[in-house]
Amino acid sequence: MRKVIFDTDPGVDDAMALCLLARSRQLELLGVSTVHGNADIDTVTRNALFLKDRFGFAAPVAQGSGVTLTDKQGQPAPHVHGQNGLGDIVVPDHPDAVLDGRRGHRMMIDLIRENPHEVTIIAVGPLTNLARALDKDPEIARLAQGVVVMGGAFGSHGHTGNVSPVAEANIANDPEAADTVFTASWPVTVIGLDVTQQVVMDGAYLERLRRDGGEDGRFLHEVSRGYHAFHQRSRRLDGIFAHDSLAVVYALRPDLFTLRRGPVRVVCGGLAAGQTIQKPKDSPFPLGAWDAHSAQAVAVDVDAEAVLAFFAGSFVGR
Ligand code: BDR
Ligand code: CA
């Protein structure tokens, strides 16, 4: 079993991804750290505790950063994820699960040090906690097995951004943190809009999860209803982008993705803030801001049908 830390801002698609992860027999969930993003830090942390009760996993939940690396407020998205971050389904104010006493980045450091070379961080929110952990203990870049990030957009299939023409939400919510994480010397795989917007769970698919997916399938359908309505309103799409679930699917089925290697930088500030740019390995450009940094893997293609079948297969007919 691969050991995993899940760093998250739940978030409807975060909840769906965590459900898949909690059910997995191949991934062992060591800890969940929360981060500002889809809603404020108190709300997303309450949601993570609720999901711990709901999915029944044992791993600790620790509250992470409520502001960006440069101490700014992020941009919550109530129009996408509901006022309560979980599509406005009923969530108790005080879940039974108890919060871990450590800060999110501190728990991350502890878990990586306790399990050297064994831990993969799956990060599906702004990357503030990971950047803080690297700042406090740079050695973790050598001690973690790797990082899988849902975030960014590199232009494959015409996908360039979802909060600006050039920026994706998780990266735009803390560009400095993302640049720190992508340029650190640990292996990062970036699962951006290039692939997540290729995978649409349509109305019939979500209905099938409700009908045939047992209690968790009913939950996925219920939590995604408002998110589905948002996609219908804003894009006339009868369905939802699977975003965060794809980072978990990648950890389980990397063979379903095509990767391109090369250093990745993030535009910090100005009109294009949050834009992610890769310099593909062996590209002809002269030396520049990319070259001193590790080559990272960016997902540029995905077998969407196979991802959808794999995800559904984890709920239906088990
Ligand atoms: C990402 O932004 C958040 O709204 C989602 O949870 C996902 O992590 C998609 O751009
Ligand atoms: Ca998220």
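Predicted model: local features only at pLDDT ≥ 70, side-chain atom pairs only at ≥ 80, totals over all residues.
View 1. D9 and V124 link distant parts of the chain, 115 residues apart. D9 sits in the loop between β1 (2-8) and α1 (12-23). V124 sits in the loop between β4 (119-123) and α5 (128-136).

**View 2. The cis peptide bond between P10 and G11.** P10 and G11 are joined by a cis peptide bond. Its omega is about -5°. G11 belongs to the loop between β1 and α1.

**View 3. The surroundings of ligand 1.** Which residues are around ligand 1? They are D13, D14, N38, H81, V124, M150, N162, E168, A169, N170, H243 and D244. A polar side-chain atom of E168 is 2.4 Å from an oxygen atom of ligand 1. For N162, an N or O atom of the side chain lies 2.8 Å from a ligand 1 oxygen. For N170, the corresponding distance is 2.9 Å. The protein covers 95% of the 280 Å² of accessible area that ligand 1 has on its own.

View 4. Helix α12 spans residues 225-235. Its buried residues are Y227, H228, F230 and H231. They are on the same side of α12 because they cover an arc of only 155° around the axis. R225 and R233 are exposed on the other side. The buried residues pack against α1, α3 (78-81), α10 (203-212), β8 (239-241) and α13 (243-252). Just after the helix, R236 has a positive phi of about 55°.

**View 5. Helix α10 from start to end.** At the start of α10, a side-chain oxygen of D202 comes within 3.2 Å of the backbone nitrogen of A204. Within the helix, G203, Y205, L206 and L209 are buried. What do the buried residues of α10 pack against? Their partners are α1, β7 (200-202), α11 (214-223), α12, β8 and α14 (304-313). G214 follows α10 and has a positive phi, near 65°.

**View 6. H157, a non-glycine residue with positive phi.** H157 has a phi of about 55°. H157 is found in the loop between β5 (146-150) and α7 (169-172). Is H157 buried, partly exposed or exposed? H157 counts as partly exposed, because its relative accessibility is 42%.

**View 7. D282, a non-glycine residue with positive phi.** D282 has a phi of about 65°. The residue lies in the loop between β11 (276-278) and β12 (296-302). D282 is exposed, with a relative accessible area of 75%.

Terms used. Residues numbered from 1 in each chain as written. Chains lettered and ligands numbered in written order. Heavy atoms only, no water. Helix = DSSP H or I, 4+ residues; strand = E, 2+ residues; numbered from the N terminus. Buried < 20%, exposed > 50% of the residue type's maximum accessible area, 1.4 Å probe, protein only. Arc of directions from axis to C-beta. Contact = heavy atoms within 4.5 Å. Near = heavy atom within 4 Å. Polar contact = N/O pair within 3.5 Å; in protein donor to acceptor, adjacent residues only side chain to side chain. Areas by Shrake-Rupley, 256 points an atom, 1.4 Å probe, with all protein chains shown as cover.
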